[in-house]
Amino acid sequence: MAQTEKKAGLLRRTSSSKKPLKEKVVLMYDEIFAKEDPTKNNPRFWDELFLMKVNLEYLEGKLESLDGDEVMKIKDNINSLFHHCVQALGEEHQIKVVNALQTLCALFRGVHQKNKSATGFDIINMLMGFDKAELRMKELMESLDSLLCGDGSESLKSLCLKLLLYMVIIQNTILEYVMINSIFEAILQILSDVSSRAQHGYDAVVLLALLVNYRKYESVNPYIVKLSIVDDEPTLDGMGMVIHHALTEYNRQYKDKEEENQGGFFSTLTSMVGSMFIADADEKLSVQTNEAILLALYEAVHLNRNFITVLAQSHPEIDMATTPATPVPASPTTPLSTTPPSLDMMNNPELPLDPNLQTSNLLITFLKYSSIVMQDTKDEHRLNSARLCLIILTCIAEDQYADAFLHDDNMNFRVNLHRMPMRHRKKAADKNIPSRPLVCAVLDLMVEFIITHMMKEFPMDLYVRCIQIIHKLICYQKKCRVRMHYTWRELWSALINLLKFLLSNETILLAKHNIFQLALQVVNLFNMFITYGDTFLPTPSSYDELYYEIIRMHQVFDNLYCMVLRVSTNAGQWKEPASKVTHALVNVRAIINHFNPKIESYAAVNHISQLSEDQVLEVVRSNYDTLTLKLQDGLDQFERYSEQPREAGFFKELVRSISLNVRKNVSLSTMSQDVLLKEFSSIS
């Protein structure tokens, strides 16, 4: 406590023999922390208090330093301080409102630090008393709602949002009152207004994401209900704009770091000694992701069908690295992309169209973001980020409108996905990327993930989701007879290599995962192409190439069949799932067994030791008629995404992690009191 006074509440010494002087506001705090009613000797105590510059550090430190018995002795004074803070929010004198908001921030933070191990009801009792809690919180929420919706200062609104963010992350009991006294409309108003969105959109979107996730599985959450029925275009566009710019800023920062690593001594050294430092370079680029914004995007896509249209809205792609903007100063300790993008970017959604300028949209920005965060899944944090990206893509792949947009041949985009550095391939030049329907970029992202994550710590869950996304997209193509001009061979090659990896690491992987589930998904993807490929592959030659790849890589399918047959004929936990793969391979094996003898015969008759691809394709085309395949049911059916119960645990942990991060950043980002007081002194 002495330490707190030394750094936070004392003025300079007048001489070495005299005690240091205390600020008047600190003396007034000391009166509150005494047992007596502070108004006993000064009836105007509360009026005077809120005219004083708040000493946040001293007030929080004082609350933290008290033990349980001391707190109970001054509970009435703390309750009174809270009550008068709420009353001051309705004052016309803006200085009082600012000081009341900052005092409330200090109260919530200080009491929370004091009671981390206590129940929420202890916090409620200490701040406002059980008997008055409902009334006090109603008054507080109404005041905050009025300030957010009013024409007042943007700084005041920012303080209100900071206070609300802290309230929703400290205790569930506080959140109960935020549920009862909704601020949903105030959040929507911020998002729909260009000026407010520029100043507060980021905090508003994060706040909404946290509110939507409060007890979503135990009771009816009013924020979920309200978000699901929003159909106001400016509001949805505003929310999309905030998410888009936050992701764009992250992508830009990542690109800057990438170019920085490629341009200096490190790059020169790497080129000299080969690629031995690739892993180190990749590690340097593993920057912290922004789960709060991802969660907001997920909730919007998952809950609101109208938001899907926002994903597709085109606008000029902005090179944020060259766009003049006023950057938001960030604390050195603040992780990359946990702060909102520059205000100029948020404030200028409409830009002049240049015919030579590439167009973009929220979905493209999200795909680029996903290509970054999905590169590195070595730790749990990044693994969860990649998982959330794939969950969002799953929801998008299931939506009919989104599928229609993804496959629209009249809407072509050049999407520069980030690719993991690998020894055996060169980095593709950005200018060589073709302009194609967006589904091609989604498939590219899935193929990229498949070929770059075959490793010892195998992310089975992510692979399953990845294959499911591909399957859902192909189901749409089959249903609507959409013929995509895509390099399907890259996908087939990636899938076959995945099967090869599963076979090579059977023993290690089976100790942790059901590899037969993933193998079945992959085989059934091939069955989709074999059975229905003539309805969605772009040309007859594409269908021929499918058979060529299966025949060329027949050894992988033969080995897979031997493995699943061995497991399915022995008793054990994998008997049934292995048996399903055995049955699924029937058509793949029929193709191999039908064409291989004919290819060998053709080679023998023509005295050719090794056939070219064209010669094999000639054999394939001339022997389709005698091939017999079995019709397999349910290949174009899939289980729709459902958050509960499968994903409930994941989202609970995710929200807990986001809350910790928000708590850290809110406490670090208290607005400068000098700036605030200067602003409101001029108003007053």
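The structure holds 24 aromatic pairs, a pair being two rings of Phe, Tyr or Trp (its six-membered ring) whose centres lie within 6.5 Å, with planes under 30 degrees apart counted as stacked, over 60 as edge-to-face and the rest as tilted. This is a predicted model, in which local features need pLDDT of at least 70 and side-chain atom pairs count only at pLDDT 80 or more, while totals for chains, interfaces and linings use all residues. Residues are numbered from 1 along each chain as its sequence is written, and side-chain values use heavy atoms, with hydrogens and water left out.

**Aromatic rings**

F449 and Y463 form a tilted aromatic pair, with 5.0 Å from centre to centre and 55 degrees between the planes. F449 belongs to helix α24 (residues 438-452) and Y463 to helix α25 (residues 460-480), so the pair ties together parts that are 14 residues apart in sequence. Helices here are DSSP runs of H or I with at least four residues, numbered from the N terminus. F449 is buried at 2% relative accessibility, and Y463 is buried at 0%; buried means under 20% relative accessible area, exposed over 50% and partly exposed in between (1.4 Å probe, protein chains only).

Ring pairs also link Y486, W488, W492, F529 and F536 into a cluster. Charged side chains meet rings as well: the charged end of K478 sits over the ring of Y532, 4.6 Å from its centre, and R109 lies over the face of Y166, 5.9 Å from the ring centre. A charge sits over a ring if NZ of Lys or CZ of Arg is within 6 Å of the ring centre and within 35 degrees of the ring normal.

**Salt bridges**

A search of the whole structure finds 37 salt bridges, each defined as a side-chain nitrogen of Lys or Arg within 4 Å of a carboxyl oxygen of Asp or Glu. Three of them are tabulated here.

| Salt bridge | N to O distance |
|---|---|
| K40 and E36 | 3.5 Å |
| E448 and R419 | 3.6 Å |
| R621 and D544 | 2.7 Å |

R621 lies in helix α33 and D544 in helix α29, so this pair ties together parts that are 77 residues apart in sequence. R621 is partly exposed at 43% relative accessible area, whereas D544 is buried at 5%. In the bridge of E448 with R419, E448 is in helix α24 and R419 in the loop between α23 (400-406) and α24, 29 residues apart. E448 is buried at 12%, and R419 is partly exposed at 40%. K40 is exposed at 60%, and its partner E36 is partly exposed at 47%. Elsewhere, R44, D47, E91 and K96 are linked in a network of salt bridges.

In helix α33 (residues 613-621), V616, L617, V619 and V620 are buried. They cover an arc of only 155 degrees around the axis, which puts them on the same side of α33; the arc is that of the directions from the helix axis to the C-beta atoms. The elements that cover these buried residues include α29 (540-552) and α32 (586-605).

**Backbone features**

H607, in the loop between α32 and α33, has a positive phi near 50 degrees although it is a residue other than glycine. H607 is exposed, with a relative accessible area of 73%. R215 likewise is not a glycine and has a positive phi of about 45 degrees; it is found in the loop between α13 (194-212) and α14 (222-228). R215 is partly exposed at 35%. The peptide bond from Q644 to P645 is cis, with omega near 5 degrees, and P645 is placed in the loop between α33 and α34 (648-668).

Conventions: Helices (H or I, at least four residues) and strands (E, at least two) are DSSP runs, numbered from the N terminus. Contact means heavy atoms within 4.5 Å.
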